[in-house]
Amino acid sequence: MLIDLVALGEGGRRTAFVLLILLLGAGRASAQFEFTGSWGPIGTEDVQNDSLPVDYLGLALTDEGRARALAYDESQKSMIDRQCQGWGAAYGVIGPFGLVASTQTDPATNRVVSYTIDSWEDWNGLTIWMDGRPRPSQYALHTQEGFTTGKWEGGALAARTTHLKVGGFIRKTGVPLSDQAIIDWRFYRHGDVMTVVMIASDPLYLVEPEIISKSFRLSPRPLDYRTPCVPGYEGREPGDDVPHFAPGQNPFADEFIQFYSLPKDAVLGYRETLYPEYRKKIRATYVPPPPCKEACGQAGNFVRRREN
Amino acid sequence: MKRRLAAAGLVIGLGASISAQPPPSARDSAPIDVTGYWVSYVTENWRYRMVTPAKGEYRRIPASPAALPLINAWDPAADEKAGNQCKSYGAAAIMNVPGRLHITWQDASTLRIDTDAGTQTRRLRFVATPPNAKPQPASWQGESSAQWTKTAGNEGGSSLRVVTTNMRAGYLRKNGVPYSEKATVTEHFDLAPLDGGGQLLLVNIVVDDPVYLNAPYVTSPHFKKEPDGSKWDPTPCSSTW
């Protein structure tokens, strides 16, 4: 079937052109990039904030969130029943590891059912359901990894996680994320760099969303972080009290503040500290720390060196 | 097979017909709208952006051995005296400086980014510089070539890609971690929705520098859209803050 282009006229030709492009594209997968593969962390951004126990920089915490964070004692993770609990969904980007993503397809239709990002020893991984399944009832089981659905949107993979379990964290130092939290994800790819944006909202513990964007580089070699978590005796007997700090008694509350001469309200995660106006507010009173003498230049564990 | 050949012929014929018309300008063909007022939302790298880090610290930056003497010799007073107080506001660093952006179309093929922090202006040009153009002297913001890029398959999804060169040597951080005049900055600007109708601008930045970096330095600051410029507060460059 050939079309008489002359008879169509200019307007008709344009319409036919658009239709033809649509026809040629029909049947292909919708907009997407190759998401699967091994993505190594680049390591040049400071998103972990776990070098010292009380570091809530870059967070906008509610008073309750701050109180719970200050009550947290990292020794809790020595309790045998908590050692393999994992850190919750957010740890996918605030943790130190890379992402190993794979696809699950329906064998009958070959359509993508889900993407999964493999777990680590202390992270339960993420399954992103792409098949349009409904979100479960709010009373359905809540888990550390939550329930995540996704879709391709404007060239990015967009996903939303709900059904998170009480006991999750937005920081490894004990800043909590509640079971009412929602995490929105967007995965962008530019060449061999994939940037993951995490937008975590929590009506209980966050005044404003916590937004983390972290970049990963496509690894030429397969990565595998799937070390199983094996609990063992770490000095805590079954039935011991849960380690914690009573209000006002966290011995590490000022450690980070003093180490880097930082303002207390920034370290404790007050909202106003996230905006440029705050710089102007503290300019007159800020005293810079003394020159760095040791460990001044660790570039992150995973920075890829140039191969000369 | 015949149908495919016919389709291919049709594409070529119609394509030739359409290509006779001038292509739309970068402004008219913009697949995403990055214009407006944006404010830094500093939820990561806080200690390196909101306050001046300690002299000599360059954690997370893959600085080369050649950079170390400069890092340890950082002298903000000397910079100020030499009129170099904008060294930490150059194109390789400016998007990480907490502040507000005002993004507008200067003309049909030039996006303009004004920053209130350091009162800098970047011009992202979608039209290539003619080969016989007079070479420009290096500047803090250098020369930026821009293009709309497809980020994904056939449904669309676009990003703004910007490559900047010809910069004056500057600092990646306020405390004197250097980049050289040979550095190249590659950026991708993407948008994401926020709950409540808000919008997030994400800028993925890769700084390559054969002199002072051992590896690409990658950051991804993000900005929230603001309804207007009522919070716009121009402040001059400072070598210490």
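Me: Tyr72(A) and Phe169(A): are they buried or exposed?

Reply: In this predicted model, Tyr72(A) is buried, and Phe169(A) is too. The word stands for a relative accessible area under 20%.

Me: How many aromatic pairs are there over all chains, and what makes Tyr72(A) and Phe169(A) an edge-to-face one?

Reply: Searching the whole structure turns up 23 aromatic pairs. For Tyr72(A) and Phe169(A), the ring centres are 5.4 Å apart and the planes sit at 65°. Centres within 6.5 Å make a pair, and planes over 60 degrees apart count as edge-to-face, so these two rings are edge-to-face.

Me: Why can you say that the pair of Tyr72(A) and Phe169(A) ties together parts of chain A?

Reply: Look at where they sit: Tyr72(A) is in the loop between H2 and H3 of chain A, while Phe169(A) is in strand E7 (residues 168-169), so the pair ties together parts 97 residues apart in sequence. Both also belong to one aromatic cluster, whose members include Trp87(A), Tyr91(A) and Trp120(A).

Me: Over in chain B, why are the rings of Phe126(B) and Trp148(B) called tilted?

Reply: Their centres are 5.2 Å apart, with the planes at 35°. Under 30 degrees would be stacked and over 60 edge-to-face, and the rest is tilted. The angle of 35° falls into that rest, so the pair is tilted. Phe126(B) lies in the loop between strand E4 (121-125) and strand E5 (143-150) and Trp148(B) in strand E5, so parts 22 residues apart in sequence are tied together.

Me: And how do you know whether Phe126(B) and Trp148(B) are buried or exposed?

Reply: Phe126(B) has a relative accessible area of 17%, and Trp148(B) has 18%. Buried means under 20%, so Phe126(B) counts as buried and so does Trp148(B).

Me: What makes Cys84(A) and Cys229(A) a disulfide?

Reply: Their sulfur atoms are 2.0 Å apart, and the cut-off is within 2.5 Å. The torsion about the S-S bond is about -85°, so this disulfide is left-handed. The pair links distant parts of the chain, 145 residues apart: Cys84(A) is in the loop between helix H2 (63-71) and helix H3 (91-94), and Cys229(A) is in the loop between strand E11 (210-218) and helix H4 (255-260).

Me: Why does Cys84(A) count as partly exposed?

Reply: Its relative accessible area is 33%. Buried would be under 20% and exposed over 50%, with partly exposed in between, so that is where Cys84(A) belongs. At 26%, Cys229(A) is partly exposed as well.

Me: Why is the disulfide of Cys86(B) and Cys237(B) called right-handed?

Reply: The torsion about its S-S bond is about 100°, so the link is right-handed. Cys86(B) sits in the loop between helix H4 (76-81) and strand E2 (100-107) of chain B, and Cys237(B) in the segment after strand E12 (222-226), 151 residues apart. Cys86(B), at 14% relative accessibility, counts as buried, and Cys237(B) does too, at 10%.

Me: How do you know that Cys292(A) and Cys296(A) are bonded?

Reply: Their sulfur atoms are 2.2 Å apart, and a disulfide needs them within 2.5 Å. Both cysteines are buried.

Me: What puts the charge of Lys77(A) over the ring of Trp87(A)?

Reply: The charged end of Lys77(A) sits 4.3 Å from the ring centre of Trp87(A), and the distance cut-off is within 6 Å. Arg133(A) lies over the face of Trp129(A), at 3.6 Å from the ring centre.

Note on methods
Residues numbered from 1 in each chain as written. Chains lettered and ligands numbered in written order. Predicted model: local features only at pLDDT ≥ 70, side-chain atom pairs only at ≥ 80, totals over all residues. Heavy atoms only, no water. Helix = DSSP H or I, 4+ residues; strand = E, 2+ residues; numbered from the N terminus. Buried < 20%, exposed > 50% of the residue type's maximum accessible area, 1.4 Å probe, protein only. Phe/Tyr/Trp six-rings, centres within 6.5 Å; stacked < 30°, edge-to-face > 60°. Lys NZ or Arg CZ within 6 Å of the ring centre and 35° of its normal.
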